[in-house]
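Let us learn to read one protein structure, feature by feature. Please have the sequence and the model open.

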Amino acid sequence: MRCPKCHEPAEPGFEQCWKCGADILPAAAQVPGDDDHEPAPEGERPLEPVLTFRSFRGILASWDALFSEAAAFATSVGRRNVVSISHSEDEQDGVVTVWYWTDPNGE
């Protein structure tokens, strides 16, 4: 079975593609021969998702404020797209970073 969006091989039993997050059809809905599907030619391949980040920083902001702002942003991005949330501090300058996948087509 392959992902209908990026054509990555998909393990049976998973509902979303590990690579692009697209919904995977149940085995009963697969088109015969899908497993043999060759990836699209180079010029026609779907664009890969892009890993990006957004940082929330504030010398005067509390950790609660920074994490709340980052959590609200991560929620708006959607749980399928969030990779991780990291944080660091240097001389009381706090930074919280949300790492997430974006669609290169802006969709």
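Q: Is W99 buried, exposed or in between, and what are the cut-offs?
A: Buried means under 20% relative accessible area, exposed means over 50%, and partly exposed lies in between (1.4 Å probe, protein chains only). W99 has a relative accessible area of 30%, so W99 is partly exposed. The model is predicted: local features need pLDDT of at least 70, side-chain atom pairs count only at pLDDT 80 or more, and totals for chains, interfaces and linings use all residues. Residues are numbered from 1 along each chain as its sequence is written, and side-chain values use heavy atoms, with hydrogens and water left out.

Q: Where is W99 placed?
A: Helices (H or I, at least four residues) and strands (E, at least two) are DSSP runs, numbered from the N terminus. W99 is in strand β3. The protein has 1 helix and 3 strands. From the N terminus on, the order is β-α-β-β.

Q: Which strand is joined to β3 by bridges?
A: Two strands pair if DSSP finds at least two bridges between them. Here 8 bridges join β2 (residues 82-90) to β3, and the two run antiparallel. β2 and β3 form a hairpin, with 2 residues between them. In the turn, E91 has a positive phi of about 50°.

Q: How many aromatic pairs does the structure hold?
A: Rings of Phe, Tyr and Trp (its six-membered ring) pair if their centres lie within 6.5 Å. Planes under 30 degrees apart count as stacked, over 60 as edge-to-face, and the rest as tilted. The structure holds 4 aromatic pairs. In one of them, F53 and W99 have ring centres 5.0 Å apart and planes at 45°, so the pair is tilted. This pair links distant parts of the chain: F53 is in strand β1, W99 is in strand β3, and they are 46 residues apart. F53 has 47% relative accessibility, so F53 counts as partly exposed. Elsewhere, ring pairs link F56, F73 and Y100 into a cluster.

Q: Which charged end sits over the ring of F73?
A: A charge sits over a ring if NZ of Lys or CZ of Arg is within 6 Å of the ring centre and within 35 degrees of the ring normal. The charged end of R54 sits over the F73 ring, 4.7 Å from its centre.

Q: How many salt bridges are there?
A: Side chains of opposite charge can pair when their charged atoms come close. A salt bridge is a side-chain nitrogen of Lys or Arg within 4 Å of a carboxyl oxygen of Asp or Glu. There are 2 salt bridges in the structure. One joins D93 and R57 (2.9 Å, N to O). D93 lies in strand β3 and R57 in strand β1, so the pair ties together parts that are 36 residues apart in sequence. D93 counts as buried because its relative accessibility is 16%. R57 counts as exposed, at 58%. E48 and K19 also meet in a salt bridge (3.4 Å, N to O). E48 and K19 are both in the segment before β1, 29 residues apart.

Q: What share of the residues is buried?
A: Buried residues make up 23% of the 107 residues in the protein.
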